[in-house]
Each structure stands twice: as C-alpha cells, then as structure tokens.
Amino acid sequence: MASSIGRDEERTPKRREDDRLYDNISVIIDSLEGLGKLDKAEFLKEAFESVFGLIPEAQKGSLYELVGEQYRPVFCRGYDFDLLSRLAFGVAEAFIDFHIERDSSIDAFETRITGRDPAHFSPETLEIFRKLGTLSGFSSLYAPIKVEGKTQGLICLENFSDDGFSSLSRKVLKFYARLISQFYTQKLQQERETRRYKEIVDALVSAIEVMDKYTEGHSHRVVGFSRSLAKRLGLSDAEVSEIGTAAILHDVGKLGIPSDILRKPGRLTKEEFAIVQMHTANSRKILSEIQGFERIAELAYYHHERFDGKGYPEGISGDAVPFGAYVIGLADAFDAMTSNRSYRPAMTPDQAFSIIKEGSGSQFHPRIVEVAVTIFNERQGNLDGF
Ligand SMILES: [Fe+2]
C-alpha cells in the first residue's frame, strides 16, 4: 500500500505534464486544419504566434529565415523588430551554430546566456544586445527549421527568469520546428511541381506554335483576356489559374491535325472543317494524360461550345457547358476575329465587340459578354497587354 502511494506521488507531476501536452497537441491539431491553405508568411506567423502562446515561459521570441548566409528576423514578440533586424547574424556566428549544423535531425535546445564576450561581438552589436535586453541573464530555447537536412531558419524563445524552460516546452518547440520544417519542405515540393508543369506547358505551347504559325502569340493573348474575365466574374483564384492554364493549352489538340489543313490558305471544305473540329477531343486526350489536369482538359474540350447548343464537339448548351470553357471561348473568338487570316483581314476591336454583343445568349454566355463589355469600355477598346 505504502509503495503504491509512493508510485502515485511519483506519477502525479508526470500525469499533469501529460495532460498539458495533450491539451497543447489538441490546440496544435485544431490550428493545423487551416495551415495548409495559408501562404508562407501567413503560415509562419500563425505557427510562431501559436508556439509562443503554448510555451508559458516564453517572454520574448523571434523567428528567423536564412537568406543567403544570414539569419534575418521574420517575426518577433517582445522585441523592437527594427532593432532586431540590425542584429542579422551569419551561419557561423552566435550560440546556435554548434548544435544546429552538426545534427541533421530537428531538435530544440536550451542555452543560458550569462554574458556576451566582448572579444566575440563588435561594440555596435553589444549595444544592440543592451537595447534589446539580451546582454545577459536569460535562457534561450531554440530550434532549427530544416528542409532536406539543411537549415532554413531558426525559432528562438527567451525567458528572463532563473528557471528557464520545462522539458515539455522543449518538446512543444521541437514539435513546432518539425511542423514548420515540413511546411517548408512541402512548399519547396510545390514550387518544383509548378516549375515542372510550367515546363510541360511551355513545351506544348511551342509545339502548337511550330505546327500552326497563325497561333503565334494567340495562346498568350487568350490567356490574358481569359484571366481578366475570370477575375472580374468573381471566380476563385484556383478557378482563374485553371482557366489560365486551359486557355494557353486549349488548342494543343491541333498537334494531331494535318498541317496542310491547318495552314491551308482560304476557306476549309466541310470535310476539312470536320477534321479541324477534332482538335478539341485531341486537346482533352493530351491534357487528361497530365496528372492534375483533368478539369483543364475538360475546359479545353468544351471551348468551342456555344450557349445555344450550336457549337461543337458535343453541341450542349447553357449550364451543361463548364463556365470556364465559355470564358476561354469568348477570349478565343475575340482574338481570332482581331487577327489576320489568309482569307480575311483582321477586324478592329470595335467590330469584333459588336459581333460579341450580338452573340450574347446565342454564341456567348450573356454574363461573360456583360463583363467583357465592361472591361472593353474601361480600356477604351485596347485589350492588348493584360
Ligand atoms: Fe480551338
């Protein structure tokens, strides 16, 4: 019995610590849900504020990002940010380099600063320490932010009492440092992926332009107008971006059309036109092969549909056609009308727009025509250089 009471007494502080850890982790999990949608600056701010709030001993703190060879502050609590910015320090400087660069895993470390060695710091730096209150007599809990084993940043929390930080606080900071590191890693992967997609898109666009001389510049102009329309129509950023990508690739299926038909001077025969019409299905086939391009493939497939159902390839109408496809369709039609063709000279933007207005509700979606007219009037008929 006596021994059992003894064990309980030993466990109680541990249990209390476990409870607090559990509560802390619950807060972290709650906050995680929104984090993935944030951009880097927002995410870092959220994460920094969150860890600062969770570590009770933290009286001041700062988050640094490695820019070139220097750690630069991004956020701070309790310090004058401008003053802190003057303290940007190099990778090989200060107290943090030893632990951080030696170990490839992510951990949190605590150090007690009892004084600053005048031999190690310039008088200006010591003066900044004095103004910041970090000359001596405090504990710093810090952890690196790492991406693929390389330090990208640093998170530091300071306590100015004699007690320093608890082991739980160290665990919490370690957890956050890993979380932030993971976020950085994901962002890096996203950037690589975006670059990869951009390369694919560029390669496809140049392939189209080699095949079909008249489209030179056409895809890019259609993108500009489509994106402006999409934005003004109040579509989400994701939809605007999707429409932009579909707009640049909408005619990729022309790669499968014989070049003598594409380059034929003069009007096409009925049979030739039927072959050209196949480019929408080809576009869908090519684009749907790219992972993540399923919706973009659909927008390209439907870009020649009309609001009244008299378009192709399906001849569907109204809301059955993806809205983004109508946006691209209008931008495409405008650019085609205002470009020279072997069988007719380019129309003026005014002439093209009167045709677009006439086509509202028949060829074009009325809401898109309305917004297109607004943009056209605002820009006084000049739709170049979006
Ligand atoms: Fe087309």
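Contact here means heavy atoms within 4.5 Å. Helices are DSSP runs of H or I with at least four residues, numbered from the N terminus. What you have is a predicted model, where local features need pLDDT of at least 70, side-chain atom pairs count only at pLDDT 80 or more, and totals for chains, interfaces and linings use all residues. Residues are numbered from 1 along each chain as its sequence is written, and side-chain values use heavy atoms, with hydrogens and water left out.

Confidence, then. pLDDT is the predictor's confidence in each residue, from 0 to 100. The protein chain has an average of 86, and 85% of the residues reach at least 70. Helix H12 (residues 294-301) has the highest mean, 97, and helix H4 (residues 97-102) the lowest, 52. Over residues 1-9 the pLDDT is under 50, with zero contacts beyond four places in sequence.

Next, a helix pair. On H6, Val 201, Leu 204, Val 205 and Ile 208 touch Thr 245, Ile 248 and Leu 249 of H8. Six of these residues are nonpolar, one is polar and none is charged (nonpolar: Ala, Val, Leu, Ile, Met, Phe, Trp, Tyr, Cys, Pro; charged: Asp, Glu, Lys, Arg; polar: the others, Gly among them).

Last, the iron ion. Asp 251 (OD), His 279 (NE2), His 303 (NE2) and His 304 (NE2) coordinate the iron ion at 2.2 to 2.3 Å, donors being N, O and S atoms within 2.8 Å of the metal (3.2 Å for Na, K and Ca). Along the chain their spacing is D-x27-H-x23-H-H. His 303 is buried, at 3% relative accessibility, while His 304 is partly exposed at 24% (buried is under 20% relative accessible area, exposed over 50%, partly exposed in between; 1.4 Å probe, protein chains only).

Key: Helix = DSSP H or I, 4+ residues; strand = E, 2+ residues; numbered from the N terminus.
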